[in-house]
Amino acid sequence: MSDGMKFEHDDLWDKLNEECGVFGVYNHPDAPQITYYGIHALQHRGQESAGICASNGEVFSYHRGMGLVTEAFNGGQLEEIHGKMAIGHVRYTTAGESKIENAQPLVFKYTDGNLALAHNGNLVNADQVRHQLERQGSIFQTTSDTEVIAHLIARSGYEIEEAVRHALGMIKGAYALLVMTEKKLIVALDPNGLRPLVLGRMGDGGYVVSSETCAFDTVGAEVIRDVEPGEMIIIDENGLRSERFAGQAQRATCSFEYIYFARPDSDIGGINVHLARKELGRQLFREAPVVEADIVTGVPDSSTSAAIGYAEAAGLPYELGLIKNRYVGRTFIQPTQEMRARGVRMKLSAVRKVVEGKRVVMIDDSIVRGTTSGRIVSMLREAGAKEVHVRISSPPVKNPCFYGIDTSSREELIAATKSLEEIREMIGADSLYFLSPEGMIDAIGQEDSAPNRGHCLACFTGQYPTEIYEDTKNCVHK
């Protein structure tokens, strides 16, 4: 592997990162506490900041903090938040700097009262709308594109439901959005359904909404259904009602929700994530079997399910050849190549007695820049592996995402600039194969009449489901 490869975002795991997760509760006496447990269950979707805002029907109380949910609420702040309605958020920065001003929910005062917003996704026309609003006199307090939505709502001059509808008509891109006033909770999903969002029931007349169903299991809620693309749901004292704010669009659920982002115990579009990943592994074996191998291992934790599926299809033992140290923080990054390699060893170690003398099939969910893959292959070889065959349960990532996933510029994506053989040589594997887009779609099994059976394949194919603006293309993910 070349020591000359330099990347602006050199994370030890060399993984894609989701922007955030949202969770909301309506009509529950312990709404803030329920929301705390809900966003804790969504912690994998964002670890840079967390926040909760609640309403008692008259006023808001809220707290936001940096770090994990337990770190953001480590001083009794939760006891100061009261109300029967609440929304919460965990954040990973892709648009906007990592600072407390950008932590969500964002809370504002406007002519009709208070407004709180929690948003998962990225707007592809945020800069255009922001510049237009600034010319009209708006003053922005954050660098988050979520504030653009708040300004559109506040400036519309309409009652809240119509104001939200007006704002949704002005924005483009990916958004799973929660908007809360003192008495209403409004839920909306972008017309392409790029981000997941699910509706549930809790208690007598209570409702919950979440980025993933795993949070419902944590708080004891019942799943009702997925929020539909282009749907706006209003929940208030009159109950729940649904309407469309946008016409039928091409459904394009982010494929990486199934491959990597979502928790294995979540269901997305009625499909269990763990079972989908196992089938991705089986499909990998069908497309690229390693004829002579001894064991299969997965890069923990997101590749474990796919590795189990590959091992079952191959008739090989699945082994814990790699162990993850769960007590090293995600942001443990060192400035030199040598220290970064050592940092990987702090996070991950090979089990010598398992891999020594073995022909190992290593399953991973993606290769973004190639930095970590090379270090892991070297680690397995140093532990005595005779051969290391790498199989990836996603197609090659060749294009940046503009919908809320932290990808680099195209030049930093190894599959965009290197051939399969060049990548294999760089990471030091005996063989390498990426799952085909067609195989991925078949394995996940999502039934939809939309193109690509309802999957967004933009990062693989460069075909984006929405218009992408030049200023969006030129934006560097922060």
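A nonpolar core is a set of buried Ala, Val, Leu, Ile, Met, Phe, Trp, Tyr and Cys residues joined through side-chain atoms within 4.5 Å. Buried means under 20% relative accessible area, with a 1.4 Å probe and protein chains only. The model is predicted, so local features need pLDDT of at least 70 and side-chain atom pairs count only at pLDDT 80 or more, while totals for chains, interfaces and linings use all residues. Residues are numbered from 1 along each chain as its sequence is written, and side-chain values use heavy atoms, without hydrogens and water.

The largest nonpolar core has 48 residues. Among those with the most contacts inside it are Phe256, Val296 and Ile363. Helix H7 (255-261) is one of the elements that give two or more residues to this core; helices (H or I, at least four residues) and strands (E, at least two) are DSSP runs, numbered from the N terminus. H7 gives the most, with 5 residues. A second, separate core of 30 residues includes Leu106, Phe140, Val164 and Leu177.

Val164 is also listed among the buried residues of helix H5 (residues 160-170), including Ile160 and Leu168.

An open sheet is formed by 7 strands in the order S3-S2-S4-S1-S10-S9-S11, with antiparallel pairing. Two strands pair if DSSP finds at least two bridges between them. Strands S3 (60-66) and S11 (222-226) stand at the edges, each with a single partner strand, so one side of each lacks a neighbour in the sheet.

Notes:
Buried < 20%, exposed > 50% of the residue type's maximum accessible area, 1.4 Å probe, protein only.
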